[in-house]
Amino acid sequence: MRDRPSGTKINQLDPNVRRILERAELEGIELIRFLYADHAGVIRGKAASRSRLAERLSTGIGHTVAMMAMNMLDQLQDVEHMGPVGEVRIVPDPTTYVALPQAPGAAAMLSDLRRPDGSPWEACPRTFLKDAIAELATEGYTLVAAFEPEFTLGRRLPDPAGGPDRLVPLDDSLCYANSGFDTAHDYTIKLIRALETQGLRVEHYHPELGPGQQELSIRYAPALRAADNHVLFRETVRGVAQRMQMWATLAPKPLADQAGNGAHLHLSLWNDNRNVFAGDGEVRDGFIGGLLAHLPALTALTCGSVNSFRRLTPRMWSSAYAVYGPDNREAAVRVCSPLGESGEPNLELKPSDSSANPYLSLGAVIHAGLDGIRRKLDPGEPVDVDPDTRPGRYPRLPSSLDEALDALEADEVLMEALGPLRRSAYLAVKRSEAAAFGAKDVSYELFNHMRAF
């Protein structure tokens, strides 16, 4: 077996390391990407060669602390302890190893950011979610989740007027129309096969409302796996499109005059093998109450971009009001009806999209829901109408990223959960994005979000 670390016998290695090395050789892998999500919501990483993989699984890859102060325009922000001095390691989770069908010869692992001594780094997003899961476990609960992402498929073309590149949608088919299935068929089949190869179980697919818009759902999983799955989903959607000379974007609003792309978050809470949303009204109501109480601040993390707030407008089925209701698709929290007698009830958080860092987003949702359970927060009466038809009656969600960040800074529970370093970096990055896009025109905003997400 070639490319084995010098002086190391494969049967002396940790079983997880040995399994990955054997798979990498069998699958013809040359580069293994160590991926993480930053405060801008961008998926970044570095890659190890197969010849050094055994070592790098243990040591990680060196990385500057400054990268977690970088915004989505690659503009470094002035954040204390995130400058030119300081080092972390990108340390992969061996259980997340997958070969990448859209990038032959490459594999990937989701990674934590750790200090050089191996201890957790206070600005690691994946650790934030792990800590939230551990905090939830102290109350006897586990969270199962799934993102429900939409994306726009088309081609990236130069602007005839010399401005930023444009996204030209693949088609102009109608919502759920069979012609939309046909137009995107070759891409969709390649995408599904690539996702399934990586262990992501595809549940549903359909052409959505806007031109070129697609929706494809991945089966629910424990919270950490659900966030890992969403990172892989995002990168696979884009990678498969590029291999087919197309462009796919999960940006919330890549086309200003068309439907936006959400990534609604489905949630259920479990105690042992029991879905507590099915039988314990007090716990479910407390969780909903926590979501609603913290929702203005939550949107800064679940809808993490300037572009997000073009989508969160009334009567767009994206939610613009902090209300809940049974099967109400204009409510921020929809109480979903189970599918069939064996189906499990769950909640759907609609103000959520793929410009968010999924680890920060899901971790913050856990903290908000847990606060509601502990304080037995009352969510009030469910809303069974479009809340926009009753002006002034229901609280409006923030209408801009700056408003959402103001709410986040005022939210003691979420600020405490984020911790000093993470919250200062996140706020600096997001404030800089709001200022940068506020100084430019709409085409600049649309292009840069299309490119990043």
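Predicted model: local features only at pLDDT ≥ 70, side-chain atom pairs only at ≥ 80, totals over all residues.
Q: Where do I start? Which domains does the assignment give the protein chain?

A: The domain assignment gives domain 1 (10-117) and domain 2 (130-452). Their C-alpha centres lie 25 Å apart. The contact takes 28 residues from domain 1 and 36 residues from domain 2.

Q: How many residues does the largest nonpolar core have, and which of them have the most contacts inside it?

A: A core is read as a set of buried nonpolar residues joined through side-chain atoms. Here the largest one has 97 residues. Those with the most contacts inside it are Leu-143, Tyr-187, Phe-233, Leu-269, Phe-287 and Leu-408. Helix α8 (residues 281-302) supplies the largest share of this core, 10 residues.

Q: Where does this core lie relative to domain 1 and domain 2, and why?

A: Check who contributes. Both domain 1 (10-117) and domain 2 (130-452) give residues to this core, so it lies between them.

Q: What does Leu-269 touch?

A: Look past the sequence neighbours. Not counting residues up to four places away in sequence, Leu-269 touches residues including Leu-136, Leu-143, Val-283, Phe-287 and Ile-373. Two of those names, Leu-143 and Phe-287, also stand in the list of residues with the most contacts inside the largest core.

Q: Now strands. Is strand β13 mostly covered or mostly open?

A: Count its buried residues. Strand β13 (residues 263-271) is mostly covered: 8 of its 9 residues are buried.

Q: Which strands do bridges join to β13?

A: Follow the bridges, strand by strand. Strand β7 (residues 142-157) is joined to β13 by 8 bridges, and the two run antiparallel. Val-144 has Ser-268 as its bridge partner in β13. Strand β17 (residues 346-349) is joined to β13 by 3 bridges, again antiparallel. There, Leu-267 stands opposite Leu-347. Strand β14 (residues 274-275) is joined to β13 by 2 bridges, also antiparallel. In that pair, Trp-270 stands opposite Asn-275.

Q: What do β13 and β14 form, and how many residues are between them?

A: They form a hairpin, with 2 residues between the strands. Asp-272 in the turn has a positive phi of about 55°.

Q: Where are Gln-245 and Ser-319, and is each buried or exposed?

A: Gln-245 sits in the loop between α6 (223-243) and β12 (247-249). Its relative accessibility is 62%, over the 50% cut-off, so Gln-245 counts as exposed. Ser-319 lies in the loop between α9 (308-311) and β15 (324-326). Its relative accessibility is 0%, under the 20% cut-off, so Ser-319 counts as buried.

Q: What about a charged residue? Is Glu-348 buried or exposed, and with which side chains does its own make polar contacts?

A: Get the location, then the burial, then the partners. Glu-348 is found in strand β17. It is buried, because its relative accessible area of 3% is under 20%. Its side chain makes a polar contact with the side chain of His-264 at 2.9 Å. Another polar contact, at 2.5 Å, reaches the side chain of Arg-334. Beyond four places in sequence, Glu-348 is in contact with residues including Glu-148, His-266, Ala-332 and Cys-336.

Q: Where is Gly-105, and what does Gly-105 touch?

A: Gly-105 is in the loop between β5 (98-99) and β6 (106-114). It is partly exposed, with a relative accessible area of 25%. Not counting residues up to four places away in sequence, Gly-105 touches Gly-28, Ile-29, Glu-30 and Leu-31.

Q: How do I check a helix length? What span should helix α3 have?

A: The 13 residues of helix α3 (residues 125-137) should span 18 Å. Its end C-alpha atoms are 19 Å apart, which agrees. Buried residues in α3 include Phe-128, Leu-129, Ala-132 and Leu-136.

Key
Residues numbered from 1 in each chain as written. Heavy atoms only, no water. Buried < 20%, exposed > 50% of the residue type's maximum accessible area, 1.4 Å probe, protein only. Helix = DSSP H or I, 4+ residues; strand = E, 2+ residues; numbered from the N terminus. Pairing = 2+ DSSP bridges. Contact = heavy atoms within 4.5 Å. Core = buried A, V, L, I, M, F, W, Y, C linked by side-chain atoms within 4.5 Å. Domains from an automatic or database assignment. Polar contact = N/O pair within 3.5 Å; in protein donor to acceptor, adjacent residues only side chain to side chain. Expected span 1.5 Å × (residues − 1).
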